[in-house]
Amino acid sequence: LAARGLGERYPDPDDRRGVIVRLTAEGKTAVDGAFTALLRAELGLLADLPPAERHELADLLRRLLAPFA
């Protein structure tokens, strides 16, 4: 990411072994664009499901992910 100008690396002031990584403004723009594209793709996948099935899917996914909350 740093080589592409999307991120910056800084030495960790509290631990010489560590590195702090931050997105640049260009990196944030790239992430925002990727996230927007992902949401559009997900909406496309769900478009043919009737509302009741969307709710059922959401409930099932919530149950599946509950242990990670």
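Student: Which side chain meets that of arginine 62 in a salt bridge?
Tutor: Bearing in mind that this is a predicted model, the side chain of arginine 62 meets that of aspartate 59 in a salt bridge, with a distance of 2.7 Å from N to O. Both residues lie in helix 2, three residues apart, which is about one turn of the helix.

Student: And how exposed are arginine 62 and aspartate 59?
Tutor: Arginine 62 counts as exposed because its relative accessibility is 53%, and the cut-off for that class is over 50%. Aspartate 59, at 41% relative accessibility, counts as partly exposed.

Student: How many salt bridges are there in total?
Tutor: The count comes to two salt bridges. Besides the pair in helix 2, arginine 17 forms a salt bridge with aspartate 15, where the closest N and O atoms are 3.1 Å apart. Arginine 17 is exposed, with a relative accessibility of 75%, whereas aspartate 15 is partly exposed at 27%.

Student: Staying with arginines, what does arginine 54 touch?
Tutor: Arginine 54, which is found in helix 2, touches Leu46, Ala47 and Leu49 once residues up to four places away in sequence are set aside. Its relative accessible area is 37%, so arginine 54 is classed as partly exposed.

Student: How far is arginine 54 from leucine 65?
Tutor: The C-alpha atoms of arginine 54 and leucine 65 are 16 Å apart in space, and the two residues are 11 apart in sequence. Leucine 65 is itself placed in helix 2, which covers residues 51–65.

Student: Which residues form the nonpolar patch on the surface?
Tutor: The patch is formed by Leu57, Leu61, Leu64, Leu65 and Phe68, and together these residues have about 530 Å² of accessible area.

Student: Changing topic, is threonine 24 buried or exposed?
Tutor: Threonine 24 is buried, because its relative accessible area is 14% and buried means under 20%. As for its place in the chain, threonine 24 sits in the loop between strand 2 and helix 1, the helix that spans 25–46.

Student: What lies around threonine 24?
Tutor: Apart from neighbours within four places in sequence, threonine 24 is in contact with Gly5, Leu6, Gly7 and Glu8. For glycine 5 there is a further detail, in that its backbone oxygen lies 2.7 Å from a polar atom of the threonine 24 side chain.

Student: What about valine 21, which residues is it in contact with?
Tutor: Leaving out neighbours within four places in sequence, valine 21 is in contact with Glu8 and Arg9. Valine 21 belongs to strand 2, which runs over residues 19–23, and it is exposed, with a relative accessible area of 54%. Its C-alpha atom is separated by 34 Å from that of alanine 58, which is 37 residues away along the chain.

Student: Last one: what does UniProt list for residues 1–66?
Tutor: The UniProt record, an unreviewed entry, lists "domain: HTH marR-type" for residues 1–66. In the model, the chain over residues 1–66 is 56% helix and 15% strand, and the C-alpha atoms at its ends are 32 Å apart.

Definitions and conventions. Residues are numbered from 1 along each chain as its sequence is written. This is a predicted model: local features need pLDDT of at least 70, side-chain atom pairs count only at pLDDT 80 or more; totals for chains, interfaces and linings use all residues. Side-chain values use heavy atoms; hydrogens and water are left out. Patches are made of residues with over 30% relative accessible area and no salt bridge: like charges are joined within 9 Å, nonpolar side chains (Val, Leu, Ile, Met, Phe, Trp, Tyr) within 5 Å. Accessible areas come from the Shrake-Rupley method with a 1.4 Å probe; for residues, only the protein chains shown count as cover. A salt bridge is a side-chain nitrogen of Lys or Arg within 4 Å of a carboxyl oxygen of Asp or Glu. Helices (H or I, at least four residues) and strands (E, at least two) are DSSP runs, numbered from the N terminus. UniProt positions are given in the numbering used here, feature names are shortened, and annotations may be inferred rather than shown by experiment. Buried means under 20% relative accessible area, exposed over 50%, partly exposed in between (1.4 Å probe, protein chains only). Contact means heavy atoms within 4.5 Å. A polar contact is a pair of N or O atoms within 3.5 Å; within protein, one must be able to donate a hydrogen and the other to accept it, and residues adjacent in sequence count only if both atoms are side-chain atoms.
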